[in-house]
Amino acid sequence: MNEKLFTSLKSDETGIDFNNRIKDDKDKNIFAYANFYGGAGVGVGDFNNDGLQDIFFAGNMVPDKLYINQGNLSFIDKTEEAGIINFDGWSTGVTVADINNDGHLDIYVSRELYDENPEWRRNLLFVNKGDGTFEEKAEAYQIANTERTRHATFLDYDKDGLLDLFLLTQPPNPGSLSQYHNADNLLIPEYALKLYKNNGDTFKDVSKMAGVDRTGFPNAVSASDINNDGWTDLYVANDFYAPDFLFMNNQDGTFSSIEKSALKQTSYYSMGVDVADINNDQNLDIFVLDMVSEDNFRLKSNMSGMNIGSFWKVVEDGGGFQYMYNTLQLNNGNETFSNIAQFSGMAATDWSWSNLIADFDNDGLKDTYVTNGLLRDIRNTDADKNVANYINTTRANWLQKNPNAQNIKSIWDVVDLEKAVSMVPSQPLRNYAYKNKGELEFENSSKEWGLDDESFSNGSAYADFDNDGDLDLVVNNINNEAFIYRNNSETANDRNFLRIELVDDNYKPTFGARVQIYTSQGVQTLETTNVRGIYSTSESTLHFGLNNLNKIDSLTVLWPNGNITSKKNIQTNQILKISSSDSKKITPKTEESSKYLFADRTSSFPAKFNHIENSFDDFEKQILLPHKLSQFGPALTAGDINNDGLDDFYIGGAANQSPSLFVQEQNGSFKEIETAFWKKEAAYEDIDALFVDINNDGFTDLYVVSGGNEYPKNDFHYTDRIYLNQGNGIFKKGAILNSARISGSTVKAADYDGDGDLDLFIGARHTPQQYPNPASSMLLINDNGQLSNKTESLSPQLLNMGMVTDAIWSDYDNDSDLDLIVVGEWMPITIFENNNGSLSKLEMEDFKSSYGWWFSIEQGDFDNDGDMDYIAGNLGLNYKYKTSSDKPFDVYYNDFDANGNADIVLGYYNKEKHYPLRGFSCSSEQIPDLKKKIVKYDAFASMELKDVYGEEKLKNSLHYSADTFASVYIENIGDGKFKMTNLPNLAQLTNLNDMLISDFNGDGSLDVLAVGNLYVSEIETPRNDAGTGVLLLGDGKGSFTEKRGSEIGFYAAKDAKKLITITNNKKDYYLVGNNNDALQFFELQK
């Protein structure tokens, strides 16, 4: 196929000349209504049952229009002839469905705006009479709601064969001059969502009874079966600080809100939403849009940054963690989701509206389309200030000249509206299209696909308008004719398809039906639903792209009534009609936990511990920290402290929390011992711990690493401790000679000098309150049971080495002595070679470009070639920060404003240029002189790093950069050579904090079990919380197959820092130490 995937068709070709023209006037404008430029939607349906999809456009300030498809993408305006009356009002949403089960599609139009005229907000229902005409009957059906409805969806939530109606009713959307602008709280019951139950001839409001009467700022909704129980659930995308709602259908006419347990984070300005299975795992995923730009200038000029107080107030008020980015919620299959938008590459698509998930190139993978653009950049910080100043100054001058004037009717009788509006920039934007490459990766293909026209686009829909086997697009634009894009996939080779139309002989609704096709390339899943994106309805035909397949092995249809239809050996490239009459009842299968490799035993395990983090604001000390450094506990280690052959364990507390020592008893229970002793140790922040026999007396002693960031460097709270075992679980403190007070990260033991006792490496995590200054790690030599710091004499290169996170003793070169491998933040993978007890840092060519944010490292002979290979856990690829060797993410540390305090400056690349990561607001908070030097947000937004801070200052700064954030498998090739390979994608969805190496599935090959997450990011960076635990099943040849934690019964989705194993009652258990949360216990089911 030489031409682009899509061709934009002109109105003289299609007959569609609809243009949603908008102009501010004195009665209605952007200053009165914040959503004045929000645009309108489009609805697709075969209104005359001729086999061709027709189009209905909603208009804001222009009449709604109906275009009937004549074939070959030619349409004719039938609005008046069809009886679509032009009612005064502001139409926004279009919902197409057969509401009365007569076999003809009806049209429901959602309307809003007009605070002072509720009648103009009355929703409309155009009932299809079956003869090419419609009759408006919203009042007759009792769904003529006047409460500002952004959009609506029909669904059969109670499975009675009648379509019910869910409305996105909402509060006023006040502009800066609206009477509602300073309202204390708009989230009040009178503006709550509405659910109407269909009783046949009329609808009844059952919102309260059904449990959906919550108030938000809803923009979009998807009615989908989120948890695969056969019942339709509801996802509501809410604007502003209201959380998105996830209503789970209880199968009894009611819903439960589960977003707090299901969603770790959501978009802040949630716009459009679509739900589909993006990775063909038979679970529906959720894609929600926001309005952050990927362009540095627009990002910094239009978004003033998150307010710290406001962010945490939303969290404290139950709104969850909300960030100004799109979210792509990957369904974990257990009523929870992981946001992978940053990994997918679809996190930032500017001021976005409608999103559609569908297979646009017929390759068997679902792609996405996103509309974009706002008529004027109303969040441009400089423009906002200029407009406010102009209005206030003009008003004040007028009042000064007219002191006796009575109240003016409108501010616009005094102020020039057109001038005020023109002060706000207007920039049409390109829409986005992303090709699904598989393995959760998407590629921006807007230009390659011919979908990069600049516009102010809002509602969109897909349908096969010309019946050629691919999905075309229609887009409703502001101040421009609607886009019609013809899909050209039919001209390409190996772009086969199957289209399925589900029908019911009695015209009962088929929304909620799920179709799965089984082919040699896997399983595809589609579910019928009503609306997609924002304001709009796409076709209801189910479209499967099939790449080069000529036959489908089988398909199943799960109907809303629980019946199933099965078919085999289906030919491709056809429209297949399937009737619900050709179905039979099935007995649902119940899943058993025994099918999983692991089982969560946290609630029943005979030991309990809840890590309680102390409150400390790292950002008060260093405003531009990328993340907190005070929350890296708990310490967790296991050992047999009383030589009874049973595993005991120690878990450390945060500062001012007592650690706990649990001793296992013969009956399998655990007893917490020596609580009074450990209570005295509560002042320390325990970061790592290790049971190790220091004095060779046959009893395991305990070494505990102190850390945190609460105190200045060298404070006594950073003193590590050695507890010597007196036998029977009694410990007393020992001494460590010349020990430095460092904020530590890890302790690793080995007899590296071969003298018969265990020596210790202690990793220094950071210099407290001086990020990213390097810290000095320690080498503690064991001299007949006495630990002594010999770093300066035996390994001086450990001093000021960096910000160490983990290390491992390993004979990497098979020379029969143990070397030391160290990883850390802003560090390369670093090997210290053992030369008769001295450790010397090697310059390794293969690790020269391995600088990263490493969190962990483990070893094993994964390819069975006789030497040690390694797994190194990095930040992951699902974080806002992106890096590469040629375009590195970096940090500078210097006293840029000469005030006696060093400043952090983070840098990143955007379109080949090197910019400050942070915006003008927080950057000038760190360095106030920037406000005098730069003044305007637009100016800062256009400046590169060197322009803001000066090349000489940057040159003289402490500077680190990162080459990679990917977690890797490091193959030991031999002769000091290594090969780094990225781990599978599911292992890149968060940072990997800890790992265990074992043959978990008993196939004779080493596997990797890993946990992670980083909950303490600064608030403009979405926290790393997509991790649910991951198992990498090795094949013995250095390759791995990944399994998410939820797939194997190992759902470790908290801020997991430590992972250890113990045996209890002859069963293997895996303990996950979570920061500021409960200790988890998982049983390995053999």
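The protein chain exposes about 40000 Å², an accessible area from the Shrake-Rupley method with a 1.4 Å probe. Carbon and sulfur atoms supply 45% of that area. The model is predicted: local features need pLDDT of at least 70, side-chain atom pairs count only at pLDDT 80 or more, and totals for chains, interfaces and linings use all residues. Residues are numbered from 1 along each chain as its sequence is written, and side-chain values use heavy atoms, with hydrogens and water left out.

**Overall form**
- The radius of gyration of the protein chain is 31 Å, which agrees with the value near 31 Å for a compact globule of 1086 residues; the radius is taken over C-alpha atoms, and the globule rule is 2.2 Å times the number of residues to the power 0.38.
- The C-alpha trace spans about 100 × 80 × 55 Å along its principal axes.

**Burial and contacts**
- Of the 1086 residues, 63% are buried (under 20% relative accessible area, 1.4 Å probe, protein chains only).
- Of the contacts (heavy atoms within 4.5 Å) between residues at least 6 apart in sequence, 61% join residues at least 24 apart.

- The chain has 17 helices and 74 strands, which are DSSP runs numbered from the N terminus (helices H or I, at least four residues; strands E, at least two).
- An open antiparallel sheet of 4 strands has the order β6-β7-β8-β9; two strands pair if DSSP finds at least two bridges between them.
- At its edges, β6 (90–97) and β9 (134–136) each pair on one side only.
- Strand β8 (residues 124–128) is joined to β9 by 3 bridges, and the two run antiparallel.
- Val127 stands opposite Glu135 in β9.

Notes. Buried means under 20% relative accessible area, exposed over 50%, partly exposed in between (1.4 Å probe, protein chains only).
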